[in-house]
Amino acid sequence: MANRLQGARSPYLLAHAQDPVDWYPFGEEAFARARAEDKPLFLSVGYSSCHWCHVMHRESFQDPEVATLLNAHFVPVKVDREERPDVDAAYMRALVSLTGQGGWPMSLFLTPEGKPFFGGTYFPKEDQKGLPGFKRVLRAVARAWREERQGILEEAERLAQALWRSLSPPPGPLPQGMEERALEALERAFDPEWGGFLPAPKFPQAPLLLYLLARAWQGEEKPRHILRKTLRAMALGGVYDQVGGGFHRYSVDRFWRVPHFEKMLYDNALLARVYLEAHRVFGDPLFLRVARETLDWLLSLQGREGGFYTALDAESEGEEGRYYTWTREELKAALGADFSLAERLFALGEDLGERSVLTAWGEEAVGRELGEGFAAWREGVRARLLAARRRRMPPALDDKVLADWSALAVRALAQGGRLLGEGRYLEAARKGAHFLLGRMRREGLLRHVWREGSLGEEAFLSDQSFAALALLELYAATGEWPYLDAARGLAEAAWEALGKEGALPLPAREVEEGALPSGESALAEAFWRLQALLGGDFRERAEALLQGKALWLGRYPQALPGFLLAHRLLAQGSELAVPLPSPLWEEVRRLHLPLTQLVVGPAGALPGLEGKAPGWLYLCREGACRLPVDGLEGLEGELLAVYGRGF
């Protein structure tokens, strides 16, 4: 019998629509019933590509006995964390405060006012390996609610008040030396043998890598060492899909060998940029290949209308990683005579079980042996394995479109099209941008989620700020002003909406920037870029956003890399004015200049182009320009003088 999720938009919620659990979507109806019946709520938060969410679904939420307990004693609420990142952020912070750790599925018990008092992540149905069984947990919480109500309410109120205080510090001046302290902390956590940061599990942390790349571009040796080791280890490890391109979500071990197999749009959009920029910094052909393959994987997630789908599941045929792993017999059947050499490429001698995760740890040795023919041979092997893999049951696709994640893909593809001169990437970026602005914008704001023609109501800061940066990258790639105008409109709308708390009983703010940059740091970067292009008070707004995080930047700056990057742009960033028409434009837009905003258009059409003659290039900072140059050699000299680094 269908429950109240049958009309949901989210594939994750729809997967629970036939559960015997009487699920409610997150909203006033659920809270009103909890108040009317004097019951606590059980809040379950997950997402469609989450392996342990599927396990708990099969074990508990489809079980009649568990459903009877939930329905009798609680008001059950199911949330897709990707559809409601505000709910996820608010309650994840509470879960970490309660238990010291977080993760998905998130399982929390709330008062009828929505304040949490007990929780965890995955609970097995029965007691198992030191974990309490979910049935036992439900009975214990129900008994505590009957017998210890007053203490529960008091503790829930204390937690809520503490979270509001801790996440609402006053703004202040930025601490001195925060970038140096951030690098020192990263050095302490760095794994010198395998790259990344200990302890395992290891996540790519793309915002942090992008920040370090800006420092590496300027020639700083410590960031260069961290990046070189980390990016090569990730690219050659099992966390990278050696057959289909793109990255899995994280590695369960320190060696980047065995991944958690879900593949997320946001990870790959950000990591495509990481490897694009790393190739320009280090010149490593491995980085260029990984960037291209990851961009191609992004294209595979673009829908016919232009939006980008959210994720591929971690499991297929009921088994995590089944689609991506291989037996020796499967590899032999697909590769024939090439198997023996491929066995060395994929380092199958270090196999961890019956089915192997493919690495490329043998790439250097096999590459030396094959010489110039290695690239073509590897592509042939990859094509045959991909064809064989496509005959398997694929992981499920989460086909909802999220505005902020799609914007990350648009930015990556626009940057790829610009730096690589690849028209197909640029056209995909245009198509994605037009979908965002045409199908997902209502009353000036991008709405967060779209699926099968249905647009949600929620609009978040990250939707506007990520899209503004994507549009600014499209402007830099094309010189077309409508993208600049649209970026300004979204950034202004985001500024107007900033700080307006919703109806949640907890603050829906994230402090740390792990897998994603925050909406506020992205907005600070967008404002810096708009200041370079248009003048006005955009710089003051960017500074205010950083000052709002002064306390956290003083305590653990390494956890806020998006803000550190915005700070570096404000402190050292420059503008490169290219008045049109210019014979240099095609060459200039292919340059990777991470601390410089391109200002392109007809002479005098923008504040940064006033008084500048076509055919010349002007490197400026806040309107103060160095001597104009008439070629790339002269521009490189100016960059060397300012940054100590050329192209």
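Predicted model: local features only at pLDDT ≥ 70, side-chain atom pairs only at ≥ 80, totals over all residues.
An open sheet is formed by 5 strands, arranged in the order β8-β9-β12-β15-β16 with antiparallel pairing. Strands of a sheet pair through backbone hydrogen bonds, in either a parallel or an antiparallel manner. Between β8 and β9 (residues 309–312), which run antiparallel, there are 2 bridges, and K263 stands opposite L312 in β9. Helix α17 (residues 403–420) lies across β8, β9 and β12 (397–402), and its direction makes an angle of about 90° with β12.

The contact involves L461, Q464, A467, A468, L471, L472, L474, Y475 and T478 on the side of α19, and W481, Y483, L484, A486, A487, L490, A491 and A494 on the side of α20. The crossing of α19 and α20 is left-handed.

The model contains 2 disulfides. A disulfide is a covalent bond between the sulfur atoms of two cysteines. One links C50 to C53, with an S to S distance of 2.3 Å. The torsion about the S-S bond of C50 and C53 is about 80°, so this disulfide is right-handed. Both of its cysteines are buried: the relative accessible area is 2% for C50 and 3% for C53. The other disulfide is formed by C620 and C625, whose sulfur atoms are 2.0 Å apart. This link is also right-handed, with 95° about the S-S bond. Here C620 is buried, at 4% relative accessibility, whereas C625 is partly exposed, with a relative accessible area of 35%. When the bonded cysteines of the protein are numbered in sequence order, the pairing reads 1-2, 3-4.

Residue Y47 is placed in the loop between β2 (41–46) and α3 (51–61). Y47 is buried, with a relative accessible area of 2%. Apart from neighbours within four places in sequence, Y47 is in contact with Y12, C53, D80, R81, E82, W104, R249, E262 and M264. C53 in this list is a partner in the disulfide with C50. The C-alpha atom of Y47 is separated by 9.2 Å from that of S10, a residue 37 positions away along the chain.

Most residues other than glycine have a negative phi, and most peptide bonds are trans. A cis peptide bond joins L198 to P199, with omega about 0°, and P199 belongs to the loop between α8 (178–189) and α9 (206–217). L580 and P581 are likewise joined by a cis peptide bond, with omega about 0°; P581 lies in the loop between β17 (574–580) and α25 (585–588).

Positive phi values of about 55° occur at A347 and at E443, neither of which is a glycine. A347 is located in the loop between α14 (339–345) and α15 (363–370), while E443 is in the loop between β13 (441–442) and β14 (445–446). A347 is buried, with a relative accessible area of 14%, but E443 is exposed, with a relative accessible area of 74%.

Methods: Residues numbered from 1 in each chain as written. Heavy atoms only, no water. Pairing = 2+ DSSP bridges. Helix = DSSP H or I, 4+ residues; strand = E, 2+ residues; numbered from the N terminus. Contact = heavy atoms within 4.5 Å. Axes fitted to C-alpha atoms, helices over the stretch in contact; angles between N-to-C directions. Disulfide = S-S within 2.5 Å. Buried < 20%, exposed > 50% of the residue type's maximum accessible area, 1.4 Å probe, protein only. Left-handed = near helix turned anticlockwise from the far one by under 90°.
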